[in-house]
Structure formats: C-alpha cells, structure tokens
Amino acid sequence: MDALTLGSINENVEKSIRKKFHKVLFSRFAKAINEYRLLEEGDRVAVCISGGKDSMLMAKLFQELKKHNKFDFGLSFLVMDPGYNKVNRKALENNAKLLNIPVTIFETQIFDAVYGIEKSPCYLCARMRRGYLYNNARKLGCNKIALGHHYNDVIETILMGMLYGAQIQTMMPKLHSTNFEGMELIRPMYLIREEDIIHWQEYNNLNFLQCACRFTENYTTCAEDGIARSKRAEVKSLLKSLKKANPYIEGNIFKSVENINLDTVIGYKENGIKHSFLDNYNKD
C-alpha cells in the first residue's frame with residue numbers, strides 16, 4: 001500500500017471521528033477527561049496500545065484532542081509486545097502505520113513467564129503488563145499511562161464484583177500507582193460505549209487484533225484482571241437479556257456506584273479498614 005493510499009485511509013478515519021462519530025466518541029472522550037480531571041497542564045501521557053479496537057481508537061482520539069491544543073500536554077504511543085506471534089505483531093505494526101500512529105514498541109517475555117501457571121495466570125499477566133508499562137512510560141518521561149477500558153468494561157466489572165466477588169467496586173477512571181511514585185493510570189474511554197467503537201471500526205473497514213494472547217487466540221476477548229473469560233461472557237449475556245426488558249439498565253448500573261448511600265450499607269472498607277453500620281448505630 002503506497003503512501004498516498006495510507007494517507008487517504010487515515011484522513012477518512014480522522015474525518016469520521018470529527019464528523020459522523022463526534023458525539024458518541026470524541027465528545028464522550030473529552031467529557032471523561034474534563035469530568036474526572038484526567039489531564040493537566042504539562043502532563044505527558046503514555047497511550048498504551050495493545051493492537052485492539054479500543055486502544056487504537058484511544059490513540060486516534062488523543063491525536064484529535066492534541067489538535068485542539070487548549071493546554072500543553074505530551075503524548076507517547078507505547079506498545080508492549082508480551083510475546084505476540086509474528087502475524088499479530090505484524091498486524092499491529094501495519095495498523096499503526098495505516099492510522100499514522102508513531103508507536104514505540106518494547107518487547108517482554110510475559111507470555112513465557114506465565115506459561116504453565118495454573119492458578120490465576122491472567123491475573124499475573126495483567127499485573128506484569130501493568131508494571132512494564134509504568135516502567136517504560138517513565139523512561140519516556142511520562143507521568144501517566146492511558147488504558148482503553150470503556151463504559152461497558154466498567155459496567156461488567158461492577159456486576160462481576162457483585163455476582164462473583166461478593167463486593168461492590170468499580171473500575172476507577174484514574175488511579176495513583178502504588179509501586180511507581182508520581183505515576184497515574186487514566187481511562188479516558190470511560191464514557192464511550194463499546195457498540196459505538198464497533199460501529200466506528202466497521203464504518204472505516206478496519207481490522208484490529210482480537211485477543212493476541214498466545215493461550216487464547218481463538219477467543220474474541222481476553223480475561224481481565226484475573227477474572228475468567230467465561231464469567232465476563234456470562235455477564236455480557238446477562239446484560240443483553242436485561243436490556244430487552246429495561247433499556248436503561250446499563251446507565252442505572254453505572255450510576256449505582258456514584259450514588260452509594262452509606263446510611264443504608266451494612267459494611268464498607270476505607271483505606272483497607274473494614275467498617276460496620278454498628279460502629280455508629282447507638283451514637284446521637
């Protein structure tokens with residue numbers, strides 16, 4: 001594919017973000033950044049790209065945001081190769097070139113390291129990936145890493161925590177790193193619906209990696225943070241059926257973790273310390 005063709009494809013992709021998908025993609029991207037204060041003057045963000053639809057779109061949205069240049073911030077597009085096969089590695093590189101994303105790729109042997117581990121290999125893999133990303137982002141002078149988790153990931157995580165983890169928690173829009181001082185993780189796709197990402201991908205006839213994990217290459221999604229793929233699939237199916245009866249179900253689940261009333265909660269944790277409603281039950 002010659003440079004003229006590549007440029008034309010990327011131009012159409014960027015135009016679709018500015019025009020057809022502006023409201024459902026770029027506006028929600030910008031809203032999350034503003035609402036959760038994900039960016040500040042002088043930040044340098046490592047946009048972490050796995051090669052899938054979510055992270056590739058996130059990179060394009062950051063490029064579009066940079067064009068507006070309301071305040072100064074820097075971007076690095078960071079790709080970690082945890083041991084992809086040659087086909088997946090090449091597909092990722094080709095897509096980055098197609099979309100004019102100047103990626104910095106570093107290699108690790110994470111897949112080899114977790115191979116053969118029977119207990120929670122996905123959890124260990126996720127932890128190792130996160131550590132490598134922080135470390136290499138810092139080497140590039142970044143103080144933040146951006147991950148491509150979207151609205152549906154958040155909702156599914158809330159439900160999985162309740163149904164399988166016996167806890168109420170959510171995937172936060174930003175987090176301070178506990179192991180890399182001064183570093184933060186941000187999720188600027190927090191308000192973007194997966195169906196709109198898929199629509200954007202199909203509209204532009206783009207083909208991204210599905211799951212590039214060596215052990216699960218025949219699946220469409222990877223296990224996240226140690227939660228088995230079957231559980232996330234179950235929750236996706238549950239949400240799909242619930243939406244048929246109540247089209248507002250996803251929004252209600254999302255808002256539920258914004259509207260927690262501690263006066264009606266039996267117990268909760270704060271800074272790792274467990275509290276009970278009995279602590280203050282007889283106090284005036």
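Which residues of the largest nonpolar core touch the most other members? I found that, of its 54 residues, these are Phe29, Val47, Leu61, Phe62 and Trp200, where a nonpolar core is a set of buried Ala, Val, Leu, Ile, Met, Phe, Trp, Tyr and Cys residues joined through side-chain atoms within 4.5 Å, and buried means under 20% relative accessible area with a 1.4 Å probe and protein chains only. Helix H3 (residues 53-68) gives the largest share of this core, 7 residues.

I note that the model is predicted, so that local features need pLDDT of at least 70 and side-chain atom pairs count only at pLDDT 80 or more, while totals for chains, interfaces and linings use all residues. Residues are numbered from 1 along each chain as its sequence is written, and side-chain values use heavy atoms, with hydrogens and water left out.

I then followed Leu61, which touches Ile17, Leu25, Phe26, Phe29, Met189 and Ile192 (heavy atoms within 4.5 Å), not counting residues up to four places away in sequence. Another core, of 14 residues, lies apart from the largest one and includes Cys48, Leu78, Leu133 and Leu147.

Last, I looked up helix H7 (residues 151-165) and helix H10 (residues 249-256), which pack at an angle of about 70 degrees with their axes 9 Å apart. That makes H7 roughly perpendicular to H10, a term that covers 65 to 115 degrees. The contact involves residues of H7 including Tyr151 and Ile158, and residues of H10 including Glu250 and Phe254.

Technical notes: Axes fitted to C-alpha atoms, helices over the stretch in contact; angles between N-to-C directions. Helix = DSSP H or I, 4+ residues; strand = E, 2+ residues; numbered from the N terminus. Parallel < 35°, antiparallel > 145°, perpendicular 65-115°, else oblique. Buried < 20%, exposed > 50% of the residue type's maximum accessible area, 1.4 Å probe, protein only.
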